[in-house]
Amino acid sequence: NRSDFVRIVEVGPRDGLQNEKKSIPLATKIELVERLALTGLKTIEAGSFVSPKWVPQMANSSEILEHIFKHPPKAPHPITYQFLLPNVKGLDNFTSVWESHASSKQDTYPTPPPSPGADEGPVLNTSEIGISSLDIELSIFTAATETFTQKNTNCSITESLKRFEPIMARAKDLDLNVRAYISVALGCPYEGPNVDPHKVANLAVSLLEMGADEISVADTTGMGTAPKTAELLKTLTAAGIENNDLALHFHDTYGQALVNSVVALEHGIRTFDAAVGGLGGCPFSPGATGNVASEDLVHCFHSLGAKTGVDIEKLSEVGEWISRELGRPNESRAGKATLAR
Ligand code: HMG
Ligand code: MG
């Protein structure tokens, strides 16, 4: 049903910033999260607890988490903040902040407003769907090829799954949802464009069996095309994976992200990752550029009758602002066009 609600997972503060060479001030990162929280977005990936030797830009993510707890952005609806981590060390660093604030995470927001307005998604009744007003989730990540997994996390695919076991167990103890990324699902910078969709499906099944709450299938390199996306989704469905358990994460390196997103929408996917202003890239995927711009995705989905709850004008302003802050061109065409209206 095209009038369905589509959830946009805004990964700009993490995927969008991690590849920036110049150190970005903590205040700018926090301001980005706060501005995004006022656009109607309901899920924001706000940072990552990875090794600062590998990704220096993400080194102060614990301070972002701390800030979210102390001064939660004043959104008129609940927001889920996600944090990426690769191993138990990352989880330890995360939990040392999380545990000291977990008791204060309830009821930080006022009750959601009664009517969402014409262009908005359904009002979230937090008591019905069982999330607290300020929710935190973890993201873990592996990949569909051995070479990419080695380059990104210095281990094999099998070892990456082993690393997740204690993370999953502790996340369940802490009552935290876990999303799991599968990188290079539609092409690998080291092993080429033809990644076996069955490999992606097998990994997704393993991750769900381990307890992942959602799989984000990632086209890290932007090598995905409409037919490849359709084939991958058919393979995932044939493996028994439900669309509700999936998110799609497109990078726009070849300009195919929107086309691929529409293919995925038609297949029944209702969760999509995107970065405001088209920011982003993975430091371990040479030549890969930003995520699909959130503004472009929102504009496209609204044109198809889907609801995202996102205010495109407010979002476009954030895209323009952060691009200026980073001294890079705004990569969102819909964002620029919206502001020029
Ligand atoms: P390693 O070097 O094998 O790790 O890296 P190690 O266990 O040998 O530890 C080496 C040092 O790092 C030690 O410090 C550890 O304490 C420290 P030392 O004793 O030398 O002082 N360390 C850490 N410090 C802070 N936080 C941690 C942590 N772990 C170890 N979590 C490791 C292995 C996994 C740590 C490393 O490869 C890593 O951090 N990789 C992350 C790479 C990354 O962030 N990539 C980008 C995110 S994924 C992505 O963008 C794709 C995605 O968007 C989807 C898509 O588009 O494909 C999600
Ligand atoms: Mg990515």
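Colleague: To begin, does Leu203 count as buried or exposed, and why?

Modeller: Please keep in mind that this is a predicted model. Leu203 counts as buried because 21 C-beta neighbours lie inside 10 Å, and the threshold for that class is 20 or more.

Colleague: Where does Leu203 lie, and which residues is Leu203 in contact with, leaving aside its neighbours within four places in sequence?

Modeller: Leu203 lies in helix H8. Its contacts, with neighbours within four places in sequence left aside, are Thr142, Ala144 and Ile182. Thr142 is 61 residues away from Leu203 along the chain, yet their C-alpha atoms are separated by 8.9 Å.

Colleague: What about Thr145: where is that residue found, and is Thr145 buried or exposed?

Modeller: Thr145 is found in the loop between E4 and H6. It counts as buried, because it has 22 C-beta neighbours inside 10 Å. Beyond four places in sequence, Thr145 is in contact with Val184, Cys188, Tyr190, Glu191 and Val195. Thr145 and Val200 are 55 residues apart in sequence, and their C-alpha atoms are 9.1 Å apart in space.

Colleague: Let us turn to the overall strand arrangement. How many strands does the barrel have, and in which order do they run?

Modeller: The closed barrel has 8 strands in the order E1-E2-E3-E4-E5-E6-E7-E8, and the pairing is parallel. On average, neighbouring strands of this sheet are turned by 25° against each other, direction ignored.

Colleague: How many bridges join E4 to E5, and how many join E5 to E6?

Modeller: E4 and E5 run parallel and are joined by 7 bridges; Ile140 stands opposite Ala180 in E5. For E5 and strand E6 (residues 214-219), also a parallel pair, the number is 4. Arg179 has Glu214 as its bridge partner in E6, and Tyr181 stands opposite Ser216 in E6.

Colleague: And what joins E1 to E2?

Modeller: Strand E1 (residues 7-10) is joined to strand E2 (residues 43-48) by 2 bridges, and the two run parallel. Glu10 stands opposite Ile44 in E2.

Colleague: Why is E5 described as largely enclosed?

Modeller: 6 of the 7 residues of E5 are buried, so the strand is largely enclosed by the rest of the structure. E6 is mostly covered, with 6 of its 6 residues buried.

Colleague: Which residues of E6 lie on one side, and which on the other?

Modeller: Glu214, Ser216 and Ala218 are on one side, while Ile215, Val217 and Asp219 are on the other; all of them are buried, which leaves both faces of E6 covered. As background, side chains in a regular strand alternate between the two faces of the sheet.

Colleague: Now the nonpolar core. How many residues are in the largest one, and which have the most contacts inside it?

Modeller: The largest nonpolar core has 88 residues, and those with the most contacts inside it are Ile8, Phe83, Leu85, Ile182, Ala185 and Val200. E4 provides the largest share of this core, with 6 residues.

Colleague: Which residues come nearest to ligand 1?

Modeller: Ser51, Gly90, Ser183, Ala218 and Thr220 come nearest, out of the 28 residues around ligand 1. The shell divides into 12 nonpolar, 13 polar and 3 charged residues. Helix H4 (88-101), H6 and E5 each supply at least two residues of the shell, and H4 gives the most, with 3 residues.

Colleague: One last topic, backbone geometry. What is phi of Asn154, and what is phi of Val184?

Modeller: Phi is near 60° for Asn154, a positive value in a residue other than glycine. For Val184, also a residue other than glycine, phi is positive as well, near 50°. In general, most residues other than glycine have a negative phi.

Colleague: Where are Asn154 and Val184 found?

Modeller: Asn154 is in the loop between helix H6 (146-153) and helix H7 (157-173), and is partly exposed, with 13 other C-beta atoms within 10 Å. Val184 is in the loop between strand E5 (177-183) and helix H8 (197-210), and counts as buried, with 29 C-beta neighbours inside 10 Å.

Conventions:
Residues are numbered from 1 along each chain as its sequence is written. Chains are lettered from A and ligands numbered from 1 in the order in which they are written. This is a predicted model: local features need pLDDT of at least 70, side-chain atom pairs count only at pLDDT 80 or more; totals for chains, interfaces and linings use all residues. A residue is buried if 20 or more other C-beta atoms lie within 10 Å of its own, exposed if 12 or fewer, and partly exposed in between; C-beta atoms are placed from the backbone. A residue is near a molecule or strand if its C-beta atom, placed from the backbone, lies within 6 Å of it. Ala, Val, Leu, Ile, Met, Phe, Trp, Tyr, Cys and Pro count as nonpolar, Asp, Glu, Lys and Arg as charged, and the others, Gly among them, as polar. Two strands pair if DSSP finds at least two bridges between them. Axes are lines fitted to C-alpha atoms, for helices over the stretch in contact, and angles run from 0 to 180 degrees between N-to-C directions. A nonpolar core is a set of buried Ala, Val, Leu, Ile, Met, Phe, Trp, Tyr and Cys residues joined through C-beta atoms within 7 Å. Two residues are in contact if their C-beta atoms, placed from the backbone, lie within 7 Å.
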